[in-house]
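Here are some notes to read alongside the structure, written for someone opening it for the first time.

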Amino acid sequence: MKLKSLLLGTSLSLIPNLTYAQCSPAQSCAELGYKETANKGGCLKCPFGNGWYCPQKKCDASYQYTCTGTNEQPGTDNCGGKYKSCTCASGYEWKDGKCQIKGAILGQCTGYAKNCAIGQILNSDGTCTTNKESDKTPIGVIVYIGSDNCGYAMTASPIATGIAWGNYGTDISSLPNYTSWSSAIKDFDVSGNTTKIIQAGSSNNYPAAYVALNYAPSAAPTSKGKWMLPTAGILNSLYTNLNAINNTISKLGGTQLTNDNEHIWSSSEYDLSSAWIFCTGNGRNGVNYSRKSDTVERYVRPVIAF
């Protein structure tokens, strides 16, 4: 009997003011702590009314965000006024515990480049910034933005030196030949050119293109296969904006392009024996053509679309 009384007393003590409810039915259920109008799961019903008492669930550590920051709205998973994640305003995405500007998809022209400028930094999350930021990792310098808001970023340093474009005297029939400077600098078909070169032969035949295609920075390993040789048009833009680009290269600790120190291969073909390169020494606004088999002072700096 004593044990039964003890257990009954314990169970009653878990219910808010239940003992008083039995003695004071004149009080409302809400006044006694039964403030919910429905059973939300694990709730106790008022013994003489329709109110419910629902114990506050214990929130785990994942409920840590108040969702009151800029461009943030309350999420859907709520516990004690905090959320596991927040809903972001249009143009933003939830990433790393906050709403951030939705960046570009690396390797695709998504139109995001309208938010950027030549000479800015392209980061691994697809965003562009003027300076290095503590929560972002740079992967390149923006060297071209087209009228279609398709942008291209180039590595801050070469990824290969002393490398040939291909075999001397071998023409890729599917690749257009640009035998004048004025026509070459209108070539912006980065993906099409590199794809045609790869399809024409192996890495032994076309080493520069394969080096570009196999590149991926440690900060963006999934970008492998999306880096390509720039076209003559991209290299002309590089030359036109060289001061701004060199300034950013310096910010990233890369190798600046000065005193004609690098002849960078493009994917634009001149003819069966030559291809266009970046050249400030005796080039026409930054580009000239070179024998495909040349390796001396021949560099690869790939670009990626965004």
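1. A word on terms before we start: two residues count as in contact when heavy atoms of theirs lie within 4.5 Å. Keep in mind, too, that this is a predicted model.

2. Let's begin with A156. You'll find A156 in the loop between β12 (151-154) and β13 (160-161). Is A156 buried or exposed? With a relative accessible area of 14%, A156 is buried, because the cut-off for buried is under 20%.

3. Which residues does A156 touch, once those up to four places away in sequence are set aside? The list is V141, I249, L252, G254, T255 and R301. For a sense of distance, take T295: A156 and T295 are 139 residues apart in sequence, and their C-alpha atoms are 21 Å apart in space.

4. Next, the nonpolar interior. As a general background point, nonpolar side chains in soluble globular proteins tend to be buried together. In this model the largest nonpolar core has 30 residues, and V143, Y152 and L238 have the most contacts inside it. Two or more residues of this core come from each of β11 (138-145), β12, α6 (232-240), α7 (242-251), β16 (274-278) and β19 (303-305). The element that gives the most is α6, with four residues.

5. Leaving out neighbours within four places in sequence, L238 is in contact with V143, M154, I245, L257, I264 and F278. Apart from this core lies another one, of 19 residues, including L175, A209, A212 and L229.

6. Now for the cysteines. How many disulfides does the count come to? It comes to seven disulfides. By way of reminder, a disulfide is a covalent bond between the sulfur atoms of two cysteines. I'll go through some of them in the next points.

7. C29 and C46 form one of the disulfides, with their sulfur atoms 2.0 Å apart. The torsion about their S-S bond is about -75°, so this disulfide is left-handed. The pair links distant parts of the chain, 17 residues apart: C29 sits in the loop between α2 (18-23) and β1 (44-45), and C46 in the loop between β1 and β2 (52-53). Both C29 and C46 are buried.

8. C43 and C54 form another disulfide, with sulfur atoms 2.0 Å apart. What is the handedness of the disulfide of C43 and C54? The torsion about the S-S bond is about 110°, so it is right-handed. C43 is in the loop between α2 and β1, while C54 is in the loop between β2 and β3 (72-73), eleven residues apart. C43 counts as buried at 10% relative accessibility, and C54 is buried with a relative accessible area of 19%. Both calls follow because buried means under 20%.

9. C67 and C86 also form a disulfide, their sulfur atoms 2.1 Å apart. With -90° about the S-S bond, the link of C67 and C86 is left-handed. C67 lies in the loop between β2 and β3 and C86 in the loop between β5 (82-83) and β6 (87-88), so the pair ties together parts 19 residues apart in sequence. C67 is buried, and C86 is too.

10. At 3% relative accessibility, C279 counts as buried.

Methods. Residues numbered from 1 in each chain as written. Predicted model: local features only at pLDDT ≥ 70, side-chain atom pairs only at ≥ 80, totals over all residues. Heavy atoms only, no water. Buried < 20%, exposed > 50% of the residue type's maximum accessible area, 1.4 Å probe, protein only. Core = buried A, V, L, I, M, F, W, Y, C linked by side-chain atoms within 4.5 Å. Disulfide = S-S within 2.5 Å.
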